[in-house]
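Student: Could you take a close look at how side chains pair up here, and spell out the cut-offs behind each term as you go? I would like one connected account.

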Amino acid sequence: MHTILSAALLFLLPVLSSASAASVSVSGTLKCHGQPFKHEDVSLYEKNFIGADTKMTEVKTDESGSFLMKASISEWPMFTPNPYIYIPNYCTTPIKLGTFHCANTIKIYVPSEFVSQGHFPKSEFNVGEINLENAETDKQGLEIFVHAIFHHKECRTVKE
C-alpha cells in the first residue's frame, strides 16, 4: 500500500508542481466628464485568494484616453486565473490633503472566455468607453462584504 501511494505521488508531483500559462488582452477608453482621461495609469492584476494580488502589467492612457494591455501569467494547474483591470479614479472629486490627493479605485474583472491558455492571447476583451464619473467597481467573493466597510483608496502627490 505504501509503495502504491509513493508511486502515485511520484507520478503526480511533476503535474502538480508545473505551472501553466494563461494570457489576456484588454482594451478600452476612459472618459472624465466627456473628456479623455489622458496619461492615467491602468493596471492588469491577477486575483489571488491567498496573499496579495499579482500585477501583470501597467500602462498609461493615451491622448484619447484609450489603453491596450496584453500580459501572461503562470498559474498552478487546475487553477483558473481571475484577472481584473484596476483604475485609480481621480476623475471623481478626490480627497485632498494639501498636495496629497486620494481617490476611489475601480476594478473590472475580465470574463473567463477572454482568458487564453498559453503565452499569447487569442481574443481581446474590449471594455468599451467608461465614463469614470459614473463607474462602479466590480466585487467578487469577500470583497462584497469588505467593500461595504472599507472603500479602497489610492493616493498620490499632486503638484499645485
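**Side-chain pairs, charged and aromatic**

Tutor: Let's start with Lys 55, which is partly exposed at a relative accessible area of 42%; the class runs between buried (under 20%) and exposed (over 50%), with a 1.4 Å probe and protein chains only. Bear in mind that this is a predicted model, in which local features need pLDDT of at least 70 and side-chain atom pairs count only at pLDDT 80 or more, while totals for chains, interfaces and linings use all residues. Residues are numbered from 1 along each chain as its sequence is written, and side-chain values rest on heavy atoms, with hydrogens and water left out.

The partner of Lys 55 is Glu 58, and their side chains form a salt bridge of 3.2 Å, N to O. That term asks for a side-chain nitrogen of Lys or Arg within 4 Å of a carboxyl oxygen of Asp or Glu. Glu 58 is also partly exposed, at 40% relative accessibility. By this rule there are 4 salt bridges.

Another of them joins the side chains of Asp 41 and Lys 60, at 2.7 Å from N to O. This pair links distant parts of the chain, with Asp 41 in strand 3 and Lys 60 in strand 4 (residues 54–60), 19 residues apart. Strands here are DSSP runs of E with at least two residues, and helices are runs of H or I with at least four, numbered from the N terminus. Lys 60 is exposed at 51%, and Asp 41 is partly exposed at 25%. Lys 47 and Asp 53 make a further salt bridge, 3.9 Å from N to O; here Lys 47 counts as buried at 17%, whereas Asp 53 is partly exposed at 22%.

Now for the rings. The structure holds 4 aromatic pairs. In one of them, the ring centres of Tyr 84 and Tyr 109 are 5.2 Å apart and the planes stand at 55 degrees, so the pair is tilted. The two tyrosines come from distant parts of the chain: Tyr 84 is in strand 6 (residues 83–88) and Tyr 109 in strand 8 (residues 100–109), 25 residues apart. Both Tyr 84 and Tyr 109 are buried. As for the cut-offs, rings of Phe, Tyr and Trp (its six-membered ring) pair if their centres lie within 6.5 Å; planes under 30 degrees apart are stacked, over 60 edge-to-face, and the rest tilted.

Tyr 84 and Tyr 109 also belong to a cluster linked by ring pairs, together with Tyr 45 and Tyr 86.

Finally, one word on confidence. pLDDT, the predictor's confidence in each residue, runs from 0 to 100. The chain averages 79, and 72% of the residues score at least 70. Over residues 7–18 pLDDT stays under 50, and the model has 6 contacts beyond four places in sequence for them, a contact being heavy atoms within 4.5 Å. Residues 144–150 also stay under 50, with 3 such contacts.
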